[in-house]
Structure formats: structure tokens, C-alpha cells
Amino acid sequence: LHSATWSEATTGISMLQLNVEDKNRADDLIKELFYDYLVADILELNLHMLVRTWIKDGKERIWFNQNQLTMITTDDKIPALKTELENFKLAEPDQVPFDLVVIPIATGGKDYIEWVHQQTSYVRESSSSGSTTTVRDD
């Protein structure tokens, strides 16, 4: 292996994919995830013809103008990220649930993997006075 690639047993990072119907909601979600240090990197794909189709109650449902988010985070942030997504209410109760897919990353650029760990190593804490502070989660 090259010295620039990850050679440890596990990288400890994962790629997550999610579709969001509304561009403004996708942008708001991205701000929240970065604000809380839940992700290190997000690729947002917004195309008018990005379509999501599923069956509900025997009828075909179609959502146009989907926004696909591909996110990178550390494995230890995934539970908090899932909670944030559930609280963000991405799906209406009568619609299909949000479609989060988590894919563990086996290897990659060593500098990038270390950067992901560093970017998500912070925690935003609220005080009783309502102010927020940022601390490293080491």
C-alpha cells in the first residue's frame, strides 16, 4: 500500500446518502448538520429531473426536483445524525420515510480520512444562559 492511503483495520468514517424534496429544506438541513459538526463534507446534487418514485397504497407516487445529499462523517456521529434527521422531519407522515443509506468506507486518502475525523471532533454545547460554545470531543 502507498503511504498516502489508509491502511488501518477500519477508517471509522462512512458515506451517507439521502434525498430531500425541497431545495430550501435541503439547504437548511446542510446548515444544521455543519453547525452541529455532524458531517465533514456534503455533496449536494440538485437537478430538475432528479426524480424519486415509489408505491404507496397501491399507487405510484413521484417526487420531482429531488436534492440528493452525499455526506461524509465519522461512524461515532451517525446516531446523532440520524436523530437530527428524524427531528428535522424530512418526510410527511403519509409519505415514504426518509431514505438514509449508510455505507462504511473501507479505505481512501489518508489525509482526507484524518481531516474528516478532525472536522467532526467538535461538539456544540448549550449553556443555561442560552449561549453556545464549541469544544473538541477528544
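Biologist: In this predicted model, which residues form a nonpolar patch on the surface?

Modeller: The patch is made of Met49, Val51 and Ile62, and together these residues have about 270 Å² of accessible area. Ile62 belongs to strand E4, which spans residues 59–63, and with a relative accessibility of 38% Ile62 counts as partly exposed.

Biologist: And on the inside, which residues have the most contacts within the largest nonpolar core?

Modeller: The general idea is that nonpolar side chains tend to be buried together in soluble globular proteins. Here the largest nonpolar core has 15 residues, and those with the most contacts inside it are Leu29, Leu33, Ile42, Leu69, Met71 and Leu81. The elements that contribute two or more residues to this core are E1, H1, E5 and helix H2 (78–88), and the largest share, 4 residues, comes from H1.

Biologist: How should I read the aromatic pairs, and how many are counted?

Modeller: A pair of aromatic rings is described by the distance of the centres and the angle of the planes. The count in this model comes to 2 aromatic pairs. One of them, formed by Tyr37 and Tyr122, is tilted, with 5.3 Å from centre to centre and 45° between the planes. This pair links distant parts of the chain, since Tyr37 lies in the loop between helix H1 (23–35) and strand E2 (41–46), whereas Tyr122 lies in strand E7 (residues 122–126), 85 residues apart.

Biologist: Is Tyr37 buried or exposed, and what is the relative accessible area of Tyr122?

Modeller: Tyr37, at 18% relative accessibility, counts as buried, because the cut-off for that class is under 20%. Tyr122 has a relative accessible area of 24% and is therefore partly exposed.

Biologist: Turning to charged side chains, how many salt bridges are there, and which residues do they join into one network?

Modeller: Side chains of opposite charge can pair when their charged atoms come close. In this model the count comes to 2 salt bridges. Lys23 forms a salt bridge with Asp27, where the closest N and O atoms are 3.1 Å apart; because these two residues are 4 residues apart in helix H1, about one helical turn separates them. Lys23 also forms a salt bridge with Glu44, the closest N and O atoms being 3.3 Å apart, and this pair links distant parts of the chain, with Lys23 in helix H1 and Glu44 in strand E2, 21 residues apart. Through shared partners, the salt bridges join Lys23, Asp27 and Glu44 into one network.

Biologist: How accessible are Lys23, Asp27 and Glu44?

Modeller: Lys23 is partly exposed at 31% relative accessibility, Asp27 is partly exposed with a relative accessible area of 24%, and Glu44 is partly exposed with 26%.

Terms used:
Residues numbered from 1 in each chain as written. Predicted model: local features only at pLDDT ≥ 70, side-chain atom pairs only at ≥ 80, totals over all residues. Heavy atoms only, no water. Patch = residues over 30% accessible without salt bridge, like charges linked within 9 Å, V, L, I, M, F, W, Y side chains within 5 Å. Areas by Shrake-Rupley, 256 points an atom, 1.4 Å probe, with all protein chains shown as cover. Salt bridge = Lys/Arg side-chain N within 4 Å of Asp/Glu carboxyl O. Buried < 20%, exposed > 50% of the residue type's maximum accessible area, 1.4 Å probe, protein only. Phe/Tyr/Trp six-rings, centres within 6.5 Å; stacked < 30°, edge-to-face > 60°. Core = buried A, V, L, I, M, F, W, Y, C linked by side-chain atoms within 4.5 Å.
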